[in-house]
Structure formats: structure tokens, C-alpha cells
Amino acid sequence: MSLNRRVVITGLGVVAPNATGKEAFEQALRGMKSGITWIPTLAEHNLGCQIAGEPEVSEEYKLSLLPQLLNKMLDNHGVIYGCLSGLEAWKDAGLTIDYEKFDPELGIVYGGGALSMDESIGPRFDLVNAGQVRKLGTKTITQSMNSGVSAYLNGMLGAGNRVMSNSSACSTGTEAAIMGYELIKSGKAKRMLCGSSEGKGKYIWGAFDSMRVLCRDSNDNPTFGSRPMSSTSSGFVPGAGAGALVLEELDTALARGARIYAEILGGDVNSGGQRMGGSMTAPNSAAVQACIKNAIKEAGITPESIDLISGHLTSTMADPIELNNWVEALNVPAADFPLVNATKSMIGHCIAGAGSIELVGCALQMHGNFVHGNLNIEELHPEILKIIPAEKIPSVTVESNLNIVAKANFGFGDVNSCIILRKFSS
């Protein structure tokens, strides 16, 4: 069994708070467009944080990708976002669907978070409490299970390889891509559809609000709410959405003349064990640094070769800690430190969907030769300025011929994931 197979990204799909669809998302990133708005429902239910990143999905867009019957059936936003992103990525890769056969070389890893807390599913359980179980309908289970997106996508695409749904909090999306990469590299699949999704609404956002980790000072100025790396960061802005990527063995992609966005060089997933400062909600910095170092080692690169860090950077007090972990892990002179950006400054924190949306953004930046700027960093955190030069954190979009990008996400439960992308070269 060869472990030397090269793995590339050939298709992208995204449903994000600031844009729906790959082309629109790239333009939104270039233009630093915020998708954070005031949500009346959150105000009506007395949440402290009344702003969020909520995707706008038109009926026309849904019908362009979803079969008409499925479009009428689905009402869980997390499942809808996931199916749309997956089908767009499939279409973007130039692939077709065979409705007669299944493909043993195709697998799916599509993760999710708390899909059953989506506003379209939560109210149905009131029927159980009212003794009206028969009114739940047959789609309640399939749309509330974490494997819902994978199951629906598989029904449309006919994957005959491994079809899985991971769930690792905010690390889910990047972890899904690493799992797909490992399956292809080990020769167990030739093509994988990977991604993650998160729904919207007062249930999941209210749960985070009760933890007092959300931004509460920008209800009257929504686009200012998400400000990663800022000295005035006051909590993350919740978001919803999904991202998906088609990964392929290089030879398979070349044989069909596929467009290649980037190559995946390696990645790592680990946990800090909730020890040494790590907990259910805080990272073990030693494990974070090990994850980054292990990803770099597997990728076979040097830290100095990294051009961009796409950080987790949630707009909380953890941002300086995260960047200090990058400084410790890379151990390079300040002049050689990569550029840093945080897509969450535009879309908020899409929880389980965050990693895949941001990874789509990384592929678009690499393929389009640009680095999107960071919103709301007029006042960089002083602890960050002690360790990273201000010019490494761009406030405007810059043209840049990116060769290597490092993407990382960290999640509740003290879990970490880091993946390394390189511009494709034969």
C-alpha cells in the first residue's frame, strides 16, 4: 500500500453568511464584506447577543442544485446548507452523477455540530411533550442526526466507499478534510467529498449566549461585532453555514483534466486531553503547538515557507494565546513570520461549519493570488503586538502569490486540527 499518493482539491462549494456560492464568496472575501446582521428573533427572546452571521439562500439557488423533491422535503437549515455546499463542490469539480451505479472509489466525510438544535427541528419535539408523536413526520430523524448531510448527499451522489460524519466542535471542518486526505493518500479511496455544516437559530445561539462567550456590545453596530485580534474583542459572533471540498488523487484528477485549486501536503489532529491548562472550553497550548508542528512535519516543509496562517481566531480573549502558540510552534524570526488573517471577522463563528468554510476561503485565496484583509483591527491587541509585527496582520486585501497556507481550527473538548495547503505544481 503506497503512502506517496498526492491529494489535490478540485471542487469547492460554500454557503456563508456574507455570500452563497463560490464566486460570490471569493468576491466577498476580496471586498472584506461582512455578513453579520441584527437578528430580530434574538432580540425577541432576550438574548444578550442579538447579532449573527446568517446565510441568505434564495429559492433560485436551492433549485439550481437540489432536486425539486428534496428541496420541498428539507427544512433543517444545517442540512440544507450542507447539501447545497456539497452539490456545488461536486458540480464545480466538473463531476456528473450516475443514478444507476454506486462508486466504490468515492467516499464522503461530512461533519456537523448541533443539527437537532436548528430552529426547524427543535419545535417539533414540543409535539412529543404534547403527546402528538404521530405528527413528527418521517424526516425528523434523518434531518436531526449528525449524519444527515452525508446521508442525503450519498443518496444523490452514490458513494460506495466510506460515508462518515465527524463531529468535533469547531474543529470539525478541518478534521473532515484531513480524514478525506488520509483515505486517499493511503489508497483506500480515489475521491472524497469533505465538509461540515452548522444550522442557525435561537436554540444553539441561545445556549452559547448563556455561557456569556458571545459579543454583547455591538447590537446596534453588527458589522463591528466580530473583531478577532482586536484589543476590544468582547466575545464571538455566532454564525451558520457550510463548506465543502472535493479531494482527489492527483493522477485521477489529471486524467480527467480537472482544475486544481491546491494540493494538500499534510495535516494533524490531536487533543490536549483537557490537561495542562486545557479544559472543555480552553486549549492545552502544548497540544496546539504539537498539532501545528506535526502538520508541518508531515507536509515536509519548513516553518519559514508558510506564507499565510488562516487562524481559528474567534474574537475572544483566546486570540493572543492562539497566536502565541503559532509563534512558539513556528519559531521563526519576526521578519519571516507568515501573514495572518481571520475569516471570522466577516462571517462570525460558524461553529462546526467554520473550518470547512474557512478552508474553502484558503483554496480561493491560493488559487486567486490574494490575502483577504481583517475587519475591525484598528486596535490590535497589545499582547499580539508584542510577538507579531502589525504588518503581518493586513487590514486590507493584498495581492499575494501564496505558495503555502496553514489552516487550523480548535474546538471545545480541547481538540485541534491543522492542515497544510500548497499551490499546485506538477
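So, the UniProt record, an unreviewed entry, carries the annotation "domain: Ketosynthase family 3 (KS3)" over residues 4–423. UniProt positions are in the numbering used here, feature names are shortened, and such annotations may be inferred rather than shown by experiment. Over that stretch the chain is 34% helix and 19% strand, with 18 Å between the end C-alpha atoms. Helices here are DSSP runs of H or I, at least four residues, and strands are runs of E, at least two, numbered from the N terminus.

Ground rules: this is a predicted model, with local features needing pLDDT of at least 70 and side-chain atom pairs counting only at pLDDT 80 or more, while totals for chains, interfaces and linings use all residues. Residues are numbered from 1 along each chain as its sequence is written, and side-chain values use heavy atoms, with hydrogens and water left out.

On to pockets. We work on a 1 Å grid over the protein atoms alone, and a pocket is an open set of points where a 1.4 Å probe fits, with protein on both sides within 12 Å along at least five of seven lines; lining residues have an atom within 4 Å of a point. Points are joined across faces, edges and corners, and volume is the space filled by probe spheres set on them.

The largest pocket comes out at about 660 Å³. It has 33 lining residues, and the closest to its centre are T281, T314, T316, A318 and F412. Which element gives the largest share of that lining? That's α13, with four residues. α13 (319–330), β14 (404–411) and β15 (415–422) each put in at least two. By type, the lining splits into 17 nonpolar, 12 polar and four charged. For the bookkeeping, Ala, Val, Leu, Ile, Met, Phe, Trp, Tyr, Cys and Pro are nonpolar, Asp, Glu, Lys and Arg are charged, and the others, Gly among them, are polar.

The second largest pocket is about 190 Å³. Its lining includes K33, E54 and E56, and divides into four nonpolar, five polar and three charged.

The whole structure has two aromatic pairs (Phe, Tyr or Trp rings, using the six-membered ring of Trp, with centres within 6.5 Å; planes under 30 degrees apart are stacked, over 60 edge-to-face, the rest tilted). F208 and F236 make an edge-to-face pair, 5.5 Å centre to centre and 75° between the planes. They sit 28 residues apart, F208 in helix α10 (202–210) and F236 in the loop between α10 and β8 (241–249). F208 is buried at 12% relative accessible area, and F236 is buried at 6%; buried means under 20%, exposed over 50%, partly exposed in between, with a 1.4 Å probe on protein chains only.

Of its 47 residues, L74, C83, L153 and L193 touch the most other members. The largest share, eight residues, comes from α5.

R212 isn't a glycine but has a positive phi of about 60°, in the loop between α10 and β8. L313 also has a positive phi, near 35°, in the loop between β10 (308–310) and α13. Buried or exposed, these two? R212 is exposed at 64%, whereas L313 is buried at 0%.

Conventions. A nonpolar core is a set of buried Ala, Val, Leu, Ile, Met, Phe, Trp, Tyr and Cys residues joined through side-chain atoms within 4.5 Å.
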